[in-house]
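Subject: Handing over a structure

Dear colleague,

I am passing on to you the structure shown here, together with some notes on what I found in it. Please read them with the sequence and the coordinates open beside you.

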Amino acid sequence: MPNIINAATKRAARLARQTSRYAGNAFDRVFRAASLVQAGQTPFETLHTDGLVSLRYYPPLKEDIIELDGITIPVETNRHRTPVVIIPPLAVNMLIYDLFPQRSLVRFLRAKGFEVYLIDWGIPTRAHSHYNLHTYVAELLPASLDRVRQHSGQQELSLHGWSMGGMFTLFYTALSKDQHIRNAIILGSPIDSHASGILGLLNQRMADVAGAIYRRTGLQIHDLKPHWFHSPGWANTIGFKLTNPIGSIMGYWELIIRLGDREFVSSHATTSAFLDRMVAYPGGIVQDAVVRLWIDNELSRGKVQIGDDHAQLINVNANLFAVAGSEDTMVTPAAARSLMDHISSVDKTFRVTPGGHMGILAGSKAPRESWLEIAEWLGQRSD
């Protein structure tokens, strides 16, 4: 009888500890999520800000080694001559580039001996609704690159662009014909938007509707005021999650069933800190993207209108490494691959790696599937 009582007492104690752990994790996830977030721990300096756009510089790491997805990476003391400038897309916050201490792109690049800069586009308001492709590609981006050159003392640069950031990289290089862009890393950037799976079919239908409206009324999207197209951050968060609704729902379901796992709860809170804090798209950018990139699909013909000028992809001759995600529903490999047909680069590489649109940049598989190869490729072309 005493043995039975002792066993029951132990089971009750275990259940109480488990219940307490679940309750504590649930409380922290809901009410103290910021305390669980691991992102944004790599120190940086803000070299310049105009109140909206700022330029970051990541100084040398103090550690001798870093851990990357279970791999020990020695921190290189010799620095590559050519700095890397990270050009993010709009709508995202910068946590994606420093998501986890063991999965931080900026930390990894610093450890591999690169001088690392990042352009933070800030949080546009309705006062910035008139900002369009020309504003970013021909005004804000060149100004930031000039500051990088002044700070680094180097004219040649490597540009790293994900999603719209990759398009900004291509547009700037094509429009400016900047011969000092030595290397370009392009991840998940659509060139033929009509070839991007279901979204591509949607874009084609939008083109048909827009054409019919123009024939009947003469009305074009650019005839309307840009502030009507201002897209707030909450709408961008919902839109991004709707590109993979099942995955979004399953993420929360997995949180429920693994609520007792503190490490998983912290990981979920960290990823959500990025996904749930997206920022606005200026209306002018939405107008340009809808018309130039989605409806008219201009890039599929190797050029895009930027203000009154045209950026010709044939003017891009930098060494280029492009990546598409095998599970990316926003930018399929078919939509990204045609870049190789339009640029003049002799040294160019195209890879399809596991992951969706976010995963190819900062997913759990990204370090082994692309980061290591990109760093090696870039290192051979940066001295």
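To begin with the protein chain as a whole, residues 24 or more positions apart account for 78% of its contacts with a separation of 6 or more. Please keep in mind throughout that this is a predicted model. The chain has 13 helices and 12 strands, and of its 383 residues, 50% count as buried. It exposes about 17900 Å², of which carbon and sulfur atoms supply 56%.

Part of the chain forms an open sheet of 8 strands, which follow the order 1-2-6-5-7-8-11-12 with mixed pairing. At its edges stand strand 1 (45-49) and strand 12 (348-353), and because each has a single partner strand, one side of each is left without a neighbour in the sheet. From one strand to the next, the twist averages 20°.

Several of the pairings can be followed one after another. Strand 7 (residues 157-162) runs parallel to strand 8 (residues 181-187), with 6 bridges between them, and within this pairing W162 has L187 in strand 8 as its bridge partner.

Strand 11 (residues 319-325) deserves a separate word, since 7 of its 7 residues are buried. Its cover extends to both faces, with N319, F321, V323 and G325 buried on one side and L320, A322 and A324 buried on the other.

A surface patch

Turning to the surface, V209, I213 and L219 form a nonpolar patch there, and together they have about 240 Å² of accessible area. One of these residues, I213, has its place in helix 5 (residues 197-217). Why can I213 be called partly exposed? Its relative accessible area is 39%, and it therefore falls between the limits of under 20% for buried and over 50% for exposed.

Most residues other than glycine have a negative phi. K177, although not a glycine, has a positive phi of about 55°, and this residue lies in the loop between helix 4 (164-176) and strand 8. N297 is likewise not a glycine and has a positive phi of about 50°; its place is in the loop between helix 9 (283-295) and strand 9 (303-306). Is N297 buried or exposed? N297 is buried, because its relative accessible area is 5%, which is to be read against a limit of under 20%.

With best wishes

Methods:
Residues are numbered from 1 along each chain as its sequence is written. This is a predicted model: local features need pLDDT of at least 70, side-chain atom pairs count only at pLDDT 80 or more; totals for chains, interfaces and linings use all residues. Side-chain values use heavy atoms; hydrogens and water are left out. Patches are made of residues with over 30% relative accessible area and no salt bridge: like charges are joined within 9 Å, nonpolar side chains (Val, Leu, Ile, Met, Phe, Trp, Tyr) within 5 Å. Accessible areas come from the Shrake-Rupley method with a 1.4 Å probe; for residues, only the protein chains shown count as cover. A salt bridge is a side-chain nitrogen of Lys or Arg within 4 Å of a carboxyl oxygen of Asp or Glu. Helices (H or I, at least four residues) and strands (E, at least two) are DSSP runs, numbered from the N terminus. Buried means under 20% relative accessible area, exposed over 50%, partly exposed in between (1.4 Å probe, protein chains only). Two strands pair if DSSP finds at least two bridges between them. Axes are lines fitted to C-alpha atoms, for helices over the stretch in contact, and angles run from 0 to 180 degrees between N-to-C directions. Contact means heavy atoms within 4.5 Å.
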